[in-house]
Amino acid sequence: MKLSLIALIVALGHSCRQTPKGGSTNENKKPKTQVAGTFGDDLFFLKVHSDIVTLQTGEGLVAVSPALQGRVMTSSAKGMEGKSYGWINKAHYESKDTLPQINVYGGEERFWLGPEGGQYSFFFKKDVDFTYENWYTPRLIDVEPFEIKEQTPDQVSFEKTATLTNYSGFRFDFKIERKVNVLSKKEISDALGISMPEGIHSVGYRTTNTLTNIGNEDWKKETGLPSIWLLGMLKHSETTTVVIPYTQGNEAELGSIVNDDYFGKVPSDRLVVTDKAIFFKGDGKQRGKIGLSPQRAKNIMGSYDAMDKALTIVTYNKPKGVTDYVNSKWELQEEPYKGDVINSYNDGPSEPGAKPLGPFYELESSSPAAALKKGESITHIQSTYHFEGNETCLNQIAEQLLGVSLNEITKIFKQK
């Protein structure tokens, strides 16, 4: 029998020990050069084009853009010289264009509002057809800045008061509050319930996003409900695989395991469902999107890049027993509150010969539909963690959090 990847690593003498107290000795090491693909290089580029807030704890660095809704643009687990995780559309920054439909600046976690499609959409004007020509991202969540309210070396908070009218003509007056925290290694360990191995570099950040009804009317299902929607554009590779654990059970009771028909059905060589998890290619080669319903979704998802030996974990607060999530399909909907809780998107050409948006891949989560009375609020919290280093150590984290081994992840599509 062939040795598994992990067994082979162990056989070669690599071990996974716990980090001694005191942390890394090179926490504040400065980059010698600006190497393409590093956090330092991306940060330098961003600062040329916009004001950027940099948060830090130890080796963990996070770049945040106040001009783009407090968007997390990118992060690093190894200081300035570390891998830059967020996909940044440098060509769009350099063009200095402001496009009418959407301005794809990138960024590994951005604040949006759902639903995108349907009779309660924020992206289509009243009574127009649901076609790309009629689709417009609200400027609020595309190009408008959020005001900084408070800032420290490891966190920054923002506020925005705004008004949006949905497809059905209902006006929403609301306040948005968003806070971004970079997390220490202890905070990462405590939040995930893991022991941080010595052979691992890490960065983690949490965003706390609150939406408050400041208008004179209650928000009701009959006139449409918004949701907080967090999307992350991450750098892809040929070996990136998205991993989403799910709640098992009878389809007659829980519904289908995964929705995979957003842009046409995802082929079986790019999407595999096992009794442990859903595996989806994040290689930036073919456009596709999947989603999980509240009955199937857990509060965690992730990805693994075998080329860079980088494991990403995303968690979020998922209220128990809540099943009303907005539906973003581009149609007049019979069930506007039967939407997905989490999604993953893989970018690629929309048709043969066309250029991709990036390419990149996305991990996304949504809050429940916000049926808020006057003065009430809803809060959606999402945390993103990146781990790099020894594969034995990474495997321990993957098995504990995602329920699958690195060996399973890296071999899943080789078997197709």
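Two strands are taken to pair if DSSP finds at least two bridges between them. Helices (H or I, at least four residues) and strands (E, at least two) are DSSP runs, numbered from the N terminus. The structure is a predicted model, in which local features need pLDDT of at least 70 and side-chain atom pairs count only at pLDDT 80 or more, while totals for chains, interfaces and linings use all residues. Residues are numbered from 1 along each chain as its sequence is written, and side-chain values use heavy atoms, with hydrogens and water left out.

**View 1**
Strand β1 (residues 53-57) is joined to β2 by five bridges in an antiparallel arrangement, with V53 opposite V64 of β2. The hairpin of β1 and β2 has two residues between the strands, and G58 takes a positive phi near 60° there. β2 also pairs with strand β3 (residues 71-76), again in the antiparallel sense and over five bridges; A63 has T74 of β3 as its bridge partner. Five residues lie between the strands of the β2 and β3 hairpin, where Q69 has a positive phi near 60°. Strand β2 (residues 60-65) is mostly covered, with six of its six residues buried (buried means under 20% relative accessible area, exposed over 50%, and partly exposed in between, with a 1.4 Å probe and protein chains only). Burial applies to both faces of β2: G60, V62 and V64 lie on one side, and L61, A63 and S65 on the other.

**View 2**
Ten strands with antiparallel pairing form an open sheet in the order β5-β6-β7-β8-β18-β15-β14-β10-β12-β11. The edges are β5 (147-152) and β11 (271-273); each has a single partner strand, so one side of each is left without a neighbour in the sheet. Direction ignored, neighbouring strands of this sheet are turned by 15° against each other on average. Within the sheet, strand β15 (residues 310-316) runs antiparallel to strand β18 (residues 377-389) and is joined to β18 by seven bridges. V314 has T384 of β18 as its bridge partner. Helix α4 (residues 185-192) lies across β7 (171-183), β8 (200-213), β15 and β18, and runs at about 70° to β8. Axes are lines fitted to C-alpha atoms, for helices over the stretch in contact, and angles run from 0 to 180 degrees between N-to-C directions.

**View 1. The surroundings of D142.**
D142 is placed in the loop between β4 (110-114) and β5. Its relative accessibility is 2%, so D142 counts as buried. The side chains of D142 and N103 are joined by a polar contact of 3.0 Å (a pair of N or O atoms within 3.5 Å; within protein, one must be able to donate a hydrogen and the other to accept it, and residues adjacent in sequence count only if both atoms are side-chain atoms). Apart from neighbours within four places in sequence, the residues in contact with D142 are L68, Q69, R71, I102, N103 and T137, where contact means heavy atoms within 4.5 Å.

A search of the whole structure finds 18 aromatic pairs. Rings of Phe, Tyr and Trp (its six-membered ring) pair if their centres lie within 6.5 Å; planes under 30 degrees apart count as stacked, over 60 as edge-to-face and the rest as tilted. F122 and F172 form an edge-to-face pair, at 5.5 Å centre to centre and with 75° between the planes. This pair links distant parts of the chain, 50 residues apart: F122 is in the loop between β4 and β5, and F172 is in strand β7. F122 is buried at a relative accessible area of 8%, and F172 is buried at 1%. F263 and Y345 are likewise an edge-to-face pair, with 5.9 Å centre to centre and 70° between the planes. R110 lies over the face of W112, at 4.5 Å from the ring centre, and the charged end of K83 sits over the ring of Y85, 5.3 Å from its centre. A charge sits over a ring if NZ of Lys or CZ of Arg is within 6 Å of the ring centre and within 35 degrees of the ring normal.

**View 2. Helix α6 and its ends.**
Helix α6 (residues 391-402) is mostly covered, nine of its twelve residues being buried. Among them are C393, L394, I397, A398, L401 and L402. The N-terminal end of α6 is capped by N390, with a side-chain oxygen 2.7 Å from the backbone nitrogen of T392. G403 follows α6 and has a positive phi, near 80°.
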